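This briefing accompanies the sequence and structure shown below. It treats helices, packing, aromatic pairs and backbone geometry in turn.

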Amino acid sequence: MTAPSRSRTDRGLSHSALQVTTRFGGPIVLVVLLVIFGITLPHTFLTVSNFQSLTEAQAVPGILALGLLFTLVANEFDFSGGAVISGASVAFALLTGQHGVNWAVAGMIVLVGALVIGLINGMLVGILHYNSFVATLAVGGIVAGVTVANSHGATLNEGIPRTVIRLGDRFHGIPLLDVSLLGVFVVVAFILRATVWGRHHDAIGKGREAAVLAGVRVRRHIVVAFMASAFLAGLAGLVLVAYLGSAPPNVGQSYTLSAFAAAFLGSTMLRPGFFNAEGTLVAIMLIAVGVNGLSLAGADSAIGQIFTGVVLLASVGLTRLEQLSRR
């Protein structure tokens, strides 16, 4: 009579252990990586300059990943973000460098343009019921093509205002790009966790039909989500100009994989099973530390993409394992 009880107890303990592992596994792995690379690479990894470079390099993919949360929470995908980053950076460089537009005005024009792209994505998915994967890939392809055509495939670096480039500098050793990432993180976390809109949006992801019956305006939420995603991708494009001091027409696509990997990995920690800003921020740093440490250890330059791909597969697998355990 006691065996079934022990069996249930064992299963309960196993499930609890898995919950703890998935909830705090990411931060634990991050600490472990810091310790390992700190011990093995003390003169290159454990330096102030390395950590400054490491963190400020995550501003662009980090902002993109946080923007993706708006669509992922609603079980939609936005694959146009990388193209929007490139388009925004090139458009800003053209407006300021070739047309003499004030940098603040040019920035606003670029962000409005990003909102328009998001509106198109949102209408295709939310109103016309296109598959988000297909729709955003198509829109992203169009944006990428227009970007290359207008830049003639060349990196633009002439005429970019010094004021913008200084935004990529450091204030008392603190990279200003880190401040921009943390600012976006606070806003996104607040919207998704502490507003009525965020709670309604979360309800859409959990069950769209139930959300409709509850009175949630699903179509409007989907459109706004894609606009928010594109807006932050456009902002990431402006941050890219400040970081590089130039506007390459193709680099935005390289951030897509790491951004999705961070978002999915973030959904396995702190709030397992839910896309969340807190977990995404930890995941961004985990991926960055892993790639940086392996690179300093002499690994091939391609190891970054391999590591990111492995992290993405592992994060999806952990999410699935936690869901099966809960059942």
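Helix α12 is mostly covered, with 11 of its 13 residues buried, where buried means under 20% relative accessible area, exposed over 50% and partly exposed in between (1.4 Å probe, protein chains only). The model is predicted: local features need pLDDT of at least 70, side-chain atom pairs count only at pLDDT 80 or more, and totals for chains, interfaces and linings use all residues. Residues are numbered from 1 along each chain as its sequence is written, and side-chain values use heavy atoms, with hydrogens and water left out.

- Helices (H or I, at least four residues) and strands (E, at least two) are DSSP runs, numbered from the N terminus.
- The buried residues of α12 include Tyr255, Phe260, Phe264 and Gly266.
- The end C-alpha atoms of α12 are 19 Å apart, in agreement with the 18 Å that its 13 residues should span at 1.5 Å a residue; the expected span is 1.5 Å times one less than the number of residues.
- Helix α3, residues 59-72, reaches 20 Å from its first C-alpha to its last, close to the 20 Å expected for its 14 residues.
- In α3, 14 of the 14 residues are buried.

**Nonpolar core**

- A nonpolar core is a set of buried Ala, Val, Leu, Ile, Met, Phe, Trp, Tyr and Cys residues joined through side-chain atoms within 4.5 Å.
- The largest such core has 85 residues, of which Leu66, Leu69, Ile85 and Val188 touch the most other members.
- Helix α11 (residues 218-244) gives the most to this core, with 13 residues.
- Leaving aside residues up to four places away in sequence, Leu66 touches Leu181, Val184, Phe185, Val188, Leu232, Ala277 and Thr280, contact meaning heavy atoms within 4.5 Å.

**Packing of α4 and α5**

- Helices α4 and α5 pack at an angle of about 150°, with their axes 9 Å apart; axes are lines fitted to C-alpha atoms, for helices over the stretch in contact, and angles run from 0 to 180 degrees between N-to-C directions.
- The contact involves, among others, Val84, Ala88 and Phe92 of α4 and Trp103, Gly107 and Val110 of α5.

**Aromatic pairs**

- Rings of Phe, Tyr and Trp (its six-membered ring) pair if their centres lie within 6.5 Å; planes under 30 degrees apart count as stacked, over 60 as edge-to-face and the rest as tilted.
- By this rule the count comes to 9 aromatic pairs.
- Phe45 and Phe51 form an edge-to-face pair because their ring centres are 5.3 Å apart and their planes lie at 65°.
- Phe45 is buried at 0% relative accessible area, whereas Phe51 is partly exposed at 29%.
- Phe264 and Phe275 are also edge-to-face, at 5.2 Å centre to centre and 80° between the planes.
- This pair links distant parts of the chain, 11 residues apart: Phe264 lies in α12 and Phe275 in the loop between α12 and α13.
- Phe77, Phe79, Phe133, Phe260, Phe264 and Phe275 are linked into a cluster by ring pairs.

**Thr136 in α6**

- Thr136 belongs to helix α6 and is buried, with 0% relative accessibility.
- Its contacts, not counting residues up to four places away in sequence, include Phe77, Phe79, Asn121 and Phe226.

**Positive phi values**

- Most residues other than glycine have a negative phi.
- Asn75 has a positive phi near 60° and is found in the loop between α3 and α4.
- His152 likewise has a positive phi near 60°; His152 sits in the loop between α6 and α7 and is exposed at 72% relative accessibility.
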